[in-house]
Amino acid sequence: MLLASTTGGALGRILLRPVTSWSGATFSTLMPLGFRGGVWWLRARLATLIEVPGLSLDTIADQIGRSGIDFDIEQAAGTGDFRPLARLSLREVVPPGRDLAFDPTLHSPPGVKLLPGWLTDFRRAAYRRSRQGRGAE
């Protein structure tokens, strides 16, 4: 499981960047990933044109219901340039009321870990307290 936030600018991999519309949004992991001894960054670029202004979740749900939404996923090794990795297609909306718990500190693919370790430990505790606070644990 990966979580991403809108980012950009000179410090694009770690600097949050507010956006005012879905079109052209770039999402990045805020922490690098360790995999097979390397340090990797991932980002997702919205490939589907969303012509409705603003950031309404209803707009996204409607688009997914009509024809789906595609993201181009890119990877960068260390401080290197981003290169194409995959295409992510969203074709189904999760029904309202279904509690989804996102915790990349617990749910990562085998061999993948968040870096740096001290920040992962801090985030793990925050996610645990969040689950406890909403009775999800």
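Colleague: Why does Trp22 count as buried?

Modeller: Trp22 has a relative accessibility of 17%, and buried means under 20% relative accessible area, with exposed over 50% and partly exposed in between (1.4 Å probe, protein chains only), so Trp22 counts as buried. This is a predicted model, in which local features need pLDDT of at least 70 and side-chain atom pairs count only at pLDDT 80 or more, while totals for chains, interfaces and linings use all residues. Residues are numbered from 1 along each chain as its sequence is written, and side-chain values use heavy atoms, with hydrogens and water left out.

Colleague: Where is Trp22 found, and with which residues is Trp22 in contact?

Modeller: Trp22 lies in the loop between β1 (5–6) and β2, where strands are DSSP runs of E with at least two residues, helices are runs of H or I with at least four, and both are numbered from the N terminus. Contact means heavy atoms within 4.5 Å, and, leaving aside neighbours within four places in sequence, Trp22 is in contact with Phe27, Leu46, Ile50, Gly54, Leu55, Ser56, Leu57 and Ile60. For Trp22 and Leu46, the C-alpha to C-alpha distance is 7.7 Å, although they are 24 residues apart in sequence.

Colleague: What makes up the largest nonpolar core?

Modeller: A nonpolar core is a set of buried Ala, Val, Leu, Ile, Met, Phe, Trp, Tyr and Cys residues joined through side-chain atoms within 4.5 Å. The largest such set has 11 residues: Trp22, Ala25, Phe27, Ala44, Leu46, Ile50, Ile60, Ile64, Ile69, Phe71 and Ile73. Two or more of them come from each of β4, α1 (57–66) and β5, and the largest share, three residues, is that of β5. In soluble globular proteins, nonpolar side chains tend to be buried together.

Colleague: How do you know that β4 and strand β5 pair?

Modeller: Two strands pair if DSSP finds at least two bridges between them, and β4 and β5 (residues 69–77) are joined by seven, in the antiparallel sense; Leu46 stands opposite Phe71 in β5. Strand β2 (residues 26–28) also runs antiparallel to β4 (residues 38–46), with three bridges, and Thr26 has Arg45 as its bridge partner in β4. Strand β3 (residues 33–35) is antiparallel to β4 as well, again over three bridges, with Gly34 opposite Val39. In the hairpin of β3 and β4, two residues lie between the strands, and Arg36 takes a positive phi near 50 degrees.

Colleague: What lines the second largest pocket?

Modeller: On a 1 Å grid over the protein atoms alone, a pocket is an open set of points where a 1.4 Å probe fits, with protein on both sides within 12 Å along at least five of seven lines, and lining residues have an atom within 4 Å of a point. By that rule the second largest pocket is lined by 10 residues, of which Leu33, Phe35, Trp40, Leu42 and Val112 lie nearest its centre. The elements that give two or more residues to this lining are β3 and β4, and the largest share, three residues, comes from β3. The volume of the second largest pocket is about 170 Å³, a volume being the space filled by probe spheres set on the points, which are joined across faces, edges and corners.

Colleague: How many elements are there in the protein chain?

Modeller: The protein chain has two helices and seven strands, which run β-β-β-β-α-β-β-β-α from the N terminus on. Of its 137 residues, 31% count as buried.
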